[in-house]
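Okay, thanks everyone for coming.

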Amino acid sequence: MTIVIGFEGSANKIGVGIVRDGTVLANPRRTYITPAGQGFLPSETARHHRSCVLTVLKEALEEAGIQPEDVDCVAYTKGPGMGAPLVTVAIVARTVAQLWGKPLLGVNHCIGHIEMGRLVTGAANPTVLYVSGGNTQVIAYSKHRYRIFGETIDIAVGNCLDRFARVLKISNDPSPGYNIEQLAKRGTRFVELPYTVKGMDVSFSGILSYIEDMAERMVCTGECSPEDLCFSLQEVVFSMLVEITERAMAHCGSQEVLIVGGVGCNVRLQEMMEIMCKERGAKLFATDERFCIDNGAMIAQAGWEMFRSGQTTALEDSWVTQRFRTDEVEVTWRD
Amino acid sequence: MSTRCCLYADSLTNDSKLTVPFPSEKLAWIAQRSLSPDPEPRKGGISKHVSVTDSILNVSWMADEARILRVSVSSFLDHLALVLETMEAFGPPSVSGLK
């Protein structure tokens with residue numbers, strides 16, 4: 001029996017999860033939500049995490065019904081992500097690991113998403129679309145690495161959506177992406193936007209500049225509504241993601257797709273991906289918002305896999321890093 | 001046992017020193033290991049050294065400018081407070097009332 005506790009705080013969510021041999025015992029989380037029209041800055045986000053991480057940790061232990069002695073390993077997000085919040089969470093993980101006398105394990109955030117997706121859905125060897133506010137990558141496993149087949153060459157798709165939400169002052173509660181999705185359902189007009197797939201990669205900063213420019217103008221003149229813009233933006237960016245996922249699937253001869261990351265909660269994205277999968281006779285896997293959105297249990301789960309295959313992180317090597325490529329990690333727990 | 005910290009700063013040389021007494025050497029070392037792995041966010045203009053003698057955590061800074069020093073000392077104090085809170089919540093019984 002192996003119990004791992006995982007700490008996640010690379011963006012505006014702070015979560016502590018506890019996993020025991022494939023079962024999630026606890027997964028409490030708090031989100032730092034800024035007023036509409038504002039994004040979250042590193043120092044304020046770190047302050048938010050500092051103020052509630054210990055409460056969330058206590059909640060996790062209580063919900064799981066375990067004591068610190070029962071924990072076998074303390075996992076935390078090494079990166080990628082925002083510097084100040086990452087450091088805050090790492091400091092707590094290092095401290096409890098030492099207080100409880102347990103080994104420490106630095107986990108790659110993207111791999112946390114992948115491993116939780118695999119656990120929850122049971123997908124055997126899928127082409128993974130990892131889409132969030134901070135990351136947009138198409139990943140497939142090969143020879144002990146999660147290889148990146150396609151990615152954004154500038155900003156993440158979630159970043160594009162979040163920053164667009166700010167222009168229209170869409171609420172950030174519970175998340176800007178969720179509110180864009182709800183508005184999009186009421187859109188009736190498709191507005192032409194740039195479509196920027198670059199081979200196996202995608203680009204979103206041009207679309208964002210374009211839509212930021214035209215949004216105010218078009219809504220003022222009544223040419224289209226915010227709902228139409230939300231609808232159009234989703235249709236365009238999601239089509240691009242489906243295209244590069246399909247390209248990777250064709251390259252790998254894959255019959256499974258797994259969507260992970262906060263943007264993966266979006267039902268319209270799942271619908272569009274399902275259409276493509278059906279055309280190819282492939283199967284689509286997705287998780288619900290408990291695991292799509294950043295959470296502690298995903299770090300615990302990846303940590304569980306890594307720990308059981310013999311990995312740990314020495315304290316002097318436990319520094320956090322804002323840049324941490326998914327293919328930098330040796331996947332010792334798979335064949 | 002008194003847990004008085006001492007923070008000293010020199011406005012001419014932009015150096016600073018901080019001493020933090022802990023209830024035990026073990027706890028001082030835990031703090032040192034939790035607070036030293038991350039490099040300073042700023043690429044240059046600041047250097048920080050965290051060490052332990054007996055049960056006292058010693059931190060010393062050298063900076064090019066006062067504002068750079070202020071930022072580094074300020075975040076260190078926030079992180080130190082977090083370590084102390086964590087020790088208070090999850091450490092051995094002797095640790096209550098640390099702050």
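This is a predicted model: local features need pLDDT of at least 70, side-chain atom pairs count only at pLDDT 80 or more; totals for chains, interfaces and linings use all residues.

Chain B averages a pLDDT of 91, and 91% of its residues score at least 70. Within chain B, helix α1, residues 25-35, has the highest confidence, at 98, while strand β1, residues 6-10, has the lowest, at a mean of 91.

Now, the overall build of chain A. You can count ten helices and 13 strands in it. Its radius of gyration is 20 Å, close to the 20 Å that the globule rule gives for 335 residues, so chain A is as compact as a globular protein of that length.

What about the inside? Of the 335 residues in chain A, 59% count as buried. And if you take the contacts in chain A between residues at least 6 apart in sequence, 78% of them join residues at least 24 apart. As for charges, chain A has 32 positive and 40 negative ones, and their mean positions are 2 Å apart.

Most peptide bonds are trans, and most residues other than glycine have a negative phi. Here are some that go the other way.

First topic, cis bonds. The bond from A:Gly79 to A:Pro80 is cis, with omega near -10°, and A:Pro80 is in the loop between β5 (73-79) and α2 (83-100) of chain A. Another cis bond joins A:Asp173 and A:Pro174, with omega about 0°. You'll find A:Pro174 in the loop between α4 (157-167) and α5 (176-184) of chain A.

Then, positive phi. A:Lys143 isn't a glycine, yet its phi is near 45°. Look for A:Lys143 in the loop between β8 (136-142) and β9 (145-151) of chain A. Is A:Lys143 buried or exposed? Exposed, at 69% relative accessibility.

Over in chain B, B:Asp54 has a positive phi of about 55°. B:Asp54 is in the loop between β3 (46-53) and β4 (56-63) of chain B, and B:Asp54 is exposed, with a relative accessible area of 61%.

Notes
Residues are numbered from 1 along each chain as its sequence is written. Chains are lettered from A and ligands numbered from 1 in the order in which they are written. Side-chain values use heavy atoms; hydrogens and water are left out. Helices (H or I, at least four residues) and strands (E, at least two) are DSSP runs, numbered from the N terminus. The radius of gyration is taken over C-alpha atoms; the globule rule is 2.2 Å times the number of residues to the power 0.38. Buried means under 20% relative accessible area, exposed over 50%, partly exposed in between (1.4 Å probe, protein chains only). Contact means heavy atoms within 4.5 Å. Lys and Arg count as positive and Asp and Glu as negative; His and the chain ends are not counted. The place of a charge is taken as NZ of Lys, CZ of Arg, CG of Asp or CD of Glu. pLDDT is the predictor's confidence in each residue, from 0 to 100.
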